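The points below are meant to be read with the model open.

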Amino acid sequence: MTDNDAMRHDVIVIGAGLAGLYMLHKLRQTGRRAIVIEAGSDVGGTWYWNRYPGARCDVESLDYQYTFSDALQREWTWSERFARQDEILAYINHVADRFDLRRDIVFDTRVTRARFVEAAAEWEVEADDGSRHVAPFLIAATGALSLPQTPPLPGIEDFKGDVYHTGRWPHDGVDFTARRVAVVGTGSSGIQAIPNIAAQAERLYVFQRTPNFSLPARNAPLTEQQVEERRRNFADIARSNKASPSGLYRPPSDVATRSALDVPAEQRAADYEKWWDRGGTLLMRTYTDLLINADSNRTATEFAQRKIRDMVERPDVADKLTPHYHIGTKRICLDSGYYETFNRPNVTLVDVNEDPISTITGDAIVTAGRTCQVDAIVFATGYDAMTGPLLAMDITGRGGRTMREAWSDGPRTYLGLSIAGFPNLFVVAGPGSPSVLANVILSIEQHVDWIADCLDHMRDRGFETIEASPDAQDAWVEHVNEVAQATLYPRTKSWYSGSNIAGKPEIFMPYVGGLGRYTAHCADVARDGYAGFVLS
């Protein structure tokens, strides 16, 4: 690459989802010329790609919005408690239009390679369309859940029907009327899609490896009073959310103050019932210690297990659908009629642990004990989470060392923001940050604001490069692991630790210390002259 054939910028941002859009807006405010490179044909990130039937956010709409602009929140009105994919995408498009962001975004272009040139202290980026870009700073806003993964099932190449993945759904939709359908996977996207597909399909086979806990969403239209109350108190609630562990709103009267073991069994059952009836993920915030005390967690786990058995009519099917791990240690799913769907006569659950898939033919999925004739296969098998989108690109730092080499034993970052040996590269909501364990929009805003302030600090003081020191990175990784080990999370295999991807090093990736605690630590680092970073 030479200067003559590369486009030059102040900053290159990868990804035009919620993180990339706010990053671009913030960079403009600081007077920097930035470009965003996006693989999709429009903005939206995960909400651009995930259009499967039933796709909704599992964070309440009034929390799942930017907080950086009071005018923005006043001019947008959410219609439901948990917004559908199309409404969220409409909101993101509104943001892009309102702040005129598209003029600095290149669509239908995937970054394939990024290399730090030490002599010039800049990043050289190549894309699949042959374009080349150069900038001192590179920001990966690639998202935690943006690289779909499909299991290598034998014979899939011989299947003559239609094959879909929930993470790459056709934009014009799919009609399953009078068709025989297989859904492989019962994670969040499967739990949302299965009731909708079952209502259309002639026959639905659900292939399950690991049952998941799902709580009722109790979705409903938002009232005008609810919307206006949030608008009036928007700034105060946003401030409170940012200081909280989850980044999610809860009135002070609803904040847990006791251990699950400090109340009589009858009161505990009533408390769980109350939050179950209210819907959403509130059940997991009934008591203070559900994710750190196994005995306390067991009370919530057993409550949810009983609920599943109450909803599913056939005891043998209920047993297969009932998880036996600590509730909340895999991402909690929300549903509208998921468990009841298995009472339908056209739905069959196949537990691949006891009846594994042996092959796929031109028109069927064949297991050890049955042949399921199908016209379409839907893979709801999730993502190579958090690290996958970064490692899919060929990123090379100092001394020719690639990120794949640096992360061969699992991801290592400082604050989830920076990687030793990769100067001037920032990751938004990366491994080692709260990311997927908190309100991701607030996590994004915190990271973007911190990065923008850091770039201003460098410009004001004449620094050209910044990177995490190896010692600070090692200490942060140790801290992230220590905090995780104090919880129940590591006791369960999940995509939080990469166990859903064969051969991926298993290490708990998000920071479980909470958004407020993390934000305060990042502020201290900046206040101390970016302690733990090497600036030159």
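1. The backbone nitrogen of Gly 247 lies 2.9 Å from a polar atom of the side chain of Ser 244. A polar contact here is a pair of N or O atoms within 3.5 Å; within protein, one must be able to donate a hydrogen and the other to accept it, and residues adjacent in sequence count only if both atoms are side-chain atoms. Ser 244 sits in the loop between helix H7 (234-243) and helix H8 (265-278). Helices (H or I, at least four residues) and strands (E, at least two) are DSSP runs, numbered from the N terminus.

2. This is a predicted model, in which local features need pLDDT of at least 70 and side-chain atom pairs count only at pLDDT 80 or more, while totals for chains, interfaces and linings use all residues. Residues are numbered from 1 along each chain as its sequence is written, and side-chain values use heavy atoms, with hydrogens and water left out.

3. Is Ser 244 buried or exposed? Ser 244 counts as buried because its relative accessibility is 16%. The cut-offs are under 20% relative accessible area for buried and over 50% for exposed, with partly exposed in between (1.4 Å probe, protein chains only). Leaving aside neighbours within four places in sequence, Ser 244 is in contact with Leu 515 and Gly 516; contact means heavy atoms within 4.5 Å.

4. Arg 218 belongs to the loop between strand S12 (214-216) and helix H6 (224-232). With a relative accessible area of 37%, Arg 218 is partly exposed. Not counting residues up to four places away in sequence, Arg 218 touches Arg 81, Trp 276, Asp 277, Arg 278 and Gly 279. The side chain of Arg 218 reaches the backbone oxygen of Trp 276 at 3.3 Å, and that of Asp 277 at 3.3 Å. The C-alpha atoms of Arg 218 and Phe 82 are 8.9 Å apart, although 136 residues separate the two along the chain.

5. An open antiparallel sheet of 3 strands has the order S15-S16-S17. Strand S15 (357-360) and strand S17 (371-373) are at the edges with a single partner strand each, so one side of each has no neighbour in the sheet. The twist averages 20 degrees from one strand to the next; axes are lines fitted to C-alpha atoms, for helices over the stretch in contact, and angles run from 0 to 180 degrees between N-to-C directions. S15 pairs with strand S16 (residues 364-367) in the antiparallel sense over 3 bridges, where pairing requires that DSSP finds at least two bridges between the strands. Ile 360 stands opposite Ile 365, and Ile 357 opposite Thr 367. A hairpin of 3 residues joins S15 to S16.

6. Strand S10 (residues 180-184) is mostly covered, with 4 of its 5 residues buried. S10 pairs in the parallel sense with strand S11 (residues 203-208) over 5 bridges, and Val 181 has Leu 204 of S11 as its bridge partner. The chain passes from S10 through helix H5 (residues 188-200) to S11 in a right-handed β-α-β crossover; right-handed means that, with the strands pointing away from the viewer, the path from the first strand over the helix to the second runs clockwise. S10 is also joined by 4 bridges to strand S18 (residues 376-379), which runs parallel to S10. There, Val 184 is partnered by Phe 379.

7. A parallel open sheet of 5 strands has the order S4-S3-S2-S8-S20. Its edge strands, S4 (105-106) and S20 (425-427), pair on one side only. Strand S3 (residues 34-37) is joined to S4 by 2 bridges, with Ile 37 opposite Val 106. Helix H14 packs on the sheet, touching strand S2 (11-14), strand S8 (137-140) and S20, and its direction makes about 160 degrees with that of S20.

8. H14 (residues 440-461) has 22 residues and reaches 32 Å from its first C-alpha to its last, close to the expected 32 Å; the expected span is 1.5 Å times one less than the number of residues. Just after H14, Gly 462 takes a positive phi of about 80 degrees.

9. Helix H4 (residues 85-98) has 14 residues and reaches 20 Å, close to the 20 Å expected. Its buried residues, among them Ile 88, Leu 89, Ile 92 and Val 95, pack against helix H1 (18-29), helix H2 (46-49) and helix H3 (70-75). Just after H4, Asp 100 takes a positive phi of about 50 degrees.
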